[in-house]
Amino acid sequence: MGGFPSSAFRATPVLRNRPLQAYTPTNNYRRQIPSVSIQRTSKQCPFNNTESPSRGNPSPLTTPLKAPTLIHLPSRLSLANHKRSVSLKPIDHSYISRILLSKDWFLLLNHEFKAKRVVLVPQFVVSILLNQDNPLNAIRFYIWVSNVDPLLAKKQSIRGVLGHNLYREGPDRPVLLSLDLLHQIKECGLKVTEELLCILLGSWGRLGLAKYCVEVFGQIAFLGLNPTTRLYNAVIDALIKSNSLDLAYLKFQQMSSHNCVPDRFTYNILIHGVCRLGVVDEALRLMKQMEGSGYFPNVFTYTILIDGFLNAKRADEAFAVLQTMKEKNVVPNAATMRSLVHGVFRCMAPDKAFELLLEFVEKKQRVSQLVCDNILYCLSNNSMASEAVKFLSKIGKKGYVPDSSIFNVTLACVLKKLDLKETCNVFDNCVQRGVKPGFSTYLTLIEALYKAGKVEIGNQYMDRIINDGLISSVYSYNMVIDCLCKGKLMDRALEIFRDMHYKGISPNVVTYNTLISGYCRNGNMEKAQELLEMLLDCHFKPDIFTFNSLIDGLCQAHKHEDAFGCFTEMVEWDVTPNAITYNILIRSFCAIGDVSRSTHLLREMKLHGIQHDTFSFNALIQSYFRMNRVQKVEKLFDSMLRLGIQPDNYTYAALIKSLCKLGRHDEARELFLSMKVNGCTPDSYTCSLMNDTVAHI
């Protein structure tokens with residue numbers, strides 16, 4: 001390839017006269033006006049674009065965080081403008097955290113609030129609570145919010161975020177009510193509110209701290225609180241969540257001693273607790289008790305009961321609850337029907353569940369979209385492709401059209417289990433009935449068709465994507481180009497690439513990397529060079545994906561020295577080689593018999609702190625096996641195990657062959673038997689190899 005002499009980057013005209021300063025980190029992620037020092041050796045970039053970061057790299061902030069004193073959120077605006085202002089202003093979470101860690105946190109927060117540098121709106125409060133690494137800071141901030149705006153503190157979104165913050169560290173680091181925290185709260189002239197205690201009890205319940213919940217509840221008088229039905233509900237719910245049903249019942253029985261009357265929430269919590277264990281008869285008793293207290297079961301009660309019957313594998317009674325709901329004029333909600341369908345699949349064999357639910361749907365005069373979507377999801381989740389197609393055919397005649405997201409899941413299942421012809425029929429029939437497949441669904445089907453060599457049919461679906469306007473962003477264009485590159489349809493990929501320009505959509509680094517990789521895989525290094533030149537003309541910096549593609553392409557083209565030159569050039573471009581880079585070179589040098597160079601690269605990986613993997617060793621192990629250097633094979637295998645690297649079938653096959661060659665059949669057999677123990681299931685080739693070994697003993 002004339003364009004890639006000796007060193008693929010340095011010597012090529014693409015980069016010869018380009019100073020590296022043009023690609024420094026300050027220019028990496030923002031398009032700059034070309035400097036006079038950059039001598040263009042090719043046509044100018046036809047695209048006026050801003051570079052997106054390549055795969056795996058987070059997008060940098062284009063606007064730096066403002067100073068703490070600039071967290072000003074205007075207070076006298078309309079609600080819409082107010083919220084927009086909040087969303088646009090960056091919040092310095094570290095500044096708030098420093099305030100909350102200080103001794104005078106309460107006074108400092110009040111000062112910030114009075115100075116109008118902080119305003120209390122749900123979005124702001126949620127953001128602060130979410131970004132507190134120290135859960136105690138979250139509690140302090142919530143207490144301050146409760147004092148300034150009690151109604152805001154009661155919002156479910158804020159309570160939910162605080163609860164998540166309190167239990168996200170897990171049971172090893174629970175947030176407890178320490179004396180120090182209580183003293184801080186008291187010094188500020190505040191107290192633990194009922195709202196906060198309910199949130200704390202909920203977090204402790206999720207962490208399984210049942211005894212601590214009971215202990216704190218028994219001392220609420222010291223917190224300045226009196227027992228209420230709401231606090232009892234909170235502690236009972238926490239005990240249910242921590243699987244302490246006996247303690248929950250004990251608290252339920254103690255309610256009357258504090259003149260607290262159980263309400264519908266109390267009963268629903270207890271019914272949920274017993275139904276979760278499948279003790280449905282007790283749930284029915286509690287429901288009668290609830291009705292006797294003047295509280296009628298609602299949709300949540302019946303939904304819990306349906307779930308309980310299915311947990312107890314009493315499906316007929318679960319369906320009977322639906323009839324009861326109809327008689328009582330209680331309308332099932334989404335959770336009710338989801339619990340029914342998923343519960344049926346959970347409590348019996350999938351084929352029996354399908355028969356029962358199909359009969360249930362066919363009896364209904366009107367098709368329930370929610371029920372059918374859930375049935376289709378469960379069928380797909382259980383890899384029941386034929387049943388899913390049958391269901392679509394039968395219920396489709398009654399007017400059922402699956403939701404697009406459910407259809408995407410179903411098509412993925414059908415693709416795995418049925419042939420492409422039947423899959424295309426299902427796809428086309430559903431589209432005719434009004435299903436709107438998503439972009440990714442189309443692409444999955446097209447990839448499968450290209451892989452099977454059905455290019456013409458794949459192109460027909462590709463035309464549909466284009467005509468329906470589903471390719472509308474650089475990301476969707478990149479996915480389409482990648483799909484075409486995998487199908488080795490490089491001319492069509494380049495056509496789509498040009499179409500981006502005509503539609504005013506600017507390619508990014510991922511676009512160029514995808515095309516470069518596609519041409520490299522297809523052995524067309526001249527085209528790869530052209531794309532590299534365009535990438536540089538657009539002021540993009542080659543990244544690890546660019547280099548890996550070029551190195552792999554050069555190796556496949558048997559230009560190993562050029563590949564190694566490209567490898568050394570990476571450092572000058574401030575791109576660090578990764579395990580993939582080294583593995584490509586190790587494999588390629590082993591393929592031409594240069595084992596010493598491959599061994600040197602393996603050692604170099606360790607020196608540079610790059611972790612080896614199975615591929616790093618396999619090429620060398622197989623090379624040494626071909627050279628009859630069994631001791632080297634064994635030494636490398638031992639090194640893999642010491643480093644905690646899992647050998648695969650290729651590794652084992654090479655070692656077993658080596659041992660058999662030396663007549664060490666017993667060791668070969670032991671190694672074969674150890675494969676499953678080490679988490680590697682023998683494939684047909686390894687099994688056949690072992691059978692031949694046993695036959696020759």
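Reply: For charge, Lys and Arg count as positive and Asp and Glu as negative, while His and the chain ends are not counted. A salt bridge is a side-chain nitrogen of Lys or Arg within 4 Å of a carboxyl oxygen of Asp or Glu. Now the case: Lys541 is buried yet has no salt bridge, and Asp574, the nearest side chain of opposite charge, is 4.1 Å away.

Me: What should I know about the model and its numbering?

Reply: This is a predicted model, where local features need pLDDT of at least 70 and side-chain atom pairs count only at pLDDT 80 or more, while totals for chains, interfaces and linings use all residues. Residues are numbered from 1 along each chain as its sequence is written, and side-chain values use heavy atoms, leaving out hydrogens and water.

Me: Which backbone oxygen does the side chain of Lys541 reach?

Reply: A polar contact is a pair of N or O atoms within 3.5 Å; within protein, one must be able to donate a hydrogen and the other to accept it, and residues adjacent in sequence count only if both atoms are side-chain atoms. Here the Lys541 side chain gets to the backbone oxygen of Trp573 at 3.1 Å. As for its setting, Lys541 is in the loop between α29 (525-537) and α30 (544-556). Those labels come from DSSP runs numbered from the N terminus: helices are H or I with at least four residues, strands E with at least two.

Me: How many salt bridges are there by this rule?

Reply: The count is 22. As a general idea, an α-helix has 3.6 residues a turn, so residues three or four places apart point the same way. Glu495 and Arg492 both sit in helix α27 (residues 490-502), three residues apart, about one turn of the helix. Glu495 is partly exposed at 46% relative accessible area, whereas Arg492 is buried at 16%.

Me: Got another pair, and a network?

Reply: Arg664 bridges to Glu667, with the closest N and O atoms 2.9 Å apart. Arg664 is partly exposed at 25%, and Glu667 is partly exposed at 38%. Elsewhere, salt bridges that share partners join Arg159, Glu194, Glu195 and Arg230 into one network.

Me: How many disulfides does the rule give?

Reply: A disulfide is a covalent bond between the sulfur atoms of two cysteines. The cut-off is a pair of cysteine sulfur atoms within 2.5 Å, and the count here is zero. Take Cys555: the nearest cysteine sulfur, that of Cys566, is 9.4 Å away. Cys555 is buried, at 6% relative accessibility.

Me: And how do I read aromatic rings?

Reply: A pair of aromatic rings is described by the distance of the centres and the angle of the planes. Rings of Phe, Tyr and Trp (its six-membered ring) pair if their centres lie within 6.5 Å; planes under 30 degrees apart are stacked, over 60 edge-to-face, and the rest tilted. That gives 18 aromatic pairs. For Phe564 and Phe589, the centres are 6.1 Å apart and the planes at 65 degrees, so the pair is edge-to-face. Phe564 lies in helix α31 (residues 560-572) and Phe589 in helix α32 (residues 579-591), so the pair ties together parts 25 residues apart in sequence. Phe589 is buried, at 1% relative accessibility. Also, Phe407, Phe427, Tyr442 and Tyr461 form one aromatic cluster.

Methods: Buried < 20%, exposed > 50% of the residue type's maximum accessible area, 1.4 Å probe, protein only.
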